Amino acid sequence: MYNLDLYSCQYLFYFLLNKFNINNTSRLVKGKYFLFCGSKAYFEILDFVVSCFEKLNIDDINLVLITQNTNHLKNRIEKSHKRDHVLVMENIPYENLVNLFKGSEALMIPMRNNDQDKARFPHKISEYCAAHR
């Protein structure tokens with residue numbers, strides 16, 4: 001599938017770890033939260049993430065979605081009984097995105113068994129690993 005040698009993989013991870021070594025300790029979101037970062041083009045995944053969050057019997061944790069806050073997504077969240085615990089953020093500078101990754105309780109990456117999701121997986125998982133989540 002990928003033609004990367006061990007040296008290339010190590011370089012990628014060192015690069016990401018250095019990018020994620022940001023000393024900004026201020027939290028952008030207060031309290032505990034799970035985070036999903038994805039394109040508005042993945043509404044099916046966004047809907048799945050919200051549906052899973054709704055099934056949790058935990059009241060002291062929020063869901064942060066990093067995506068474009070479309071009308072479709074706003075309507076979906078408004079229908080949720082956990083709407084007060086779902087925060088949508090968009091146009092986040094990379095340094096703040098890293099801060100959000102590092103401050104989360106868990107980073108979510110639901111995967112469908114299709115080429116589109118397989119193609120986005122390596123980049124996102126490496127960023128998530130570098131954030132130590």
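This note goes through the fold of the protein chain in numbered points, from the whole chain to the sheet and then to one of its helices.

1. Basis of the note. The model is predicted, so local features are taken at pLDDT of at least 70 and side-chain atom pairs count only at pLDDT 80 or more, whereas totals for chains, interfaces and linings use all residues. Residues are numbered from 1 along each chain as its sequence is written, and side-chain values use heavy atoms, with hydrogens and water left out.

2. Overall make-up. The protein chain contains 5 helices and 4 strands, these being DSSP runs numbered from the N terminus (H or I over at least four residues for helices, E over at least two for strands). Along the sequence they follow the pattern α-β-α-β-α-β-α-β-α. Of the 133 residues, 37% count as buried, a term that means under 20% relative accessible area, with exposed meaning over 50% and partly exposed in between (1.4 Å probe, protein chains only).

3. Surface and contacts. The chain exposes about 8,500 Å², of which carbon and sulfur atoms supply 53%; the areas come from the Shrake-Rupley method with a 1.4 Å probe, and for residues only the protein chains shown count as cover. Where contacts (heavy atoms within 4.5 Å) link residues at least 6 apart in sequence, 70% of them join residues at least 24 apart.

4. The sheet. The 4 strands form an open sheet in the order β3-β2-β1-β4, with parallel pairing, where two strands pair if DSSP finds at least two bridges between them. Because β3 (86-89) and β4 (106-107) stand at the edges with a single partner strand each, one side of each is left without a neighbour in the sheet.

5. Strands β1 and β2. These two strands pair in the parallel sense over 6 bridges, and Lys 32 has Ile 61 in β2 as its bridge partner. The chain passes from β1 through α2 to β2 in a right-handed β-α-β crossover, which is to say that, with the strands pointing away from the viewer, the path from the first strand over the helix to the second runs clockwise. In β1, 5 of the 6 residues are buried, so this strand is largely enclosed by the rest of the structure; β2 is likewise mostly covered, with 5 of its 6 residues buried.

6. Strand β2 (residues 61-66) is joined to β3 by 4 bridges, the two running parallel; Leu 63 stands opposite Val 86, and Ile 66 has Met 89 as its bridge partner. Together with helix α3 (residues 71-78), β2 and β3 make a right-handed β-α-β unit.

7. Helix α2. This helix (residues 43-55) lies across β1 (32-37), β2 and β3 and runs at about 175° to β2; axes here are lines fitted to C-alpha atoms, for helices over the stretch in contact, and angles run from 0 to 180 degrees between N-to-C directions. Its buried residues include Phe 43, Leu 46, Val 50 and Phe 53.
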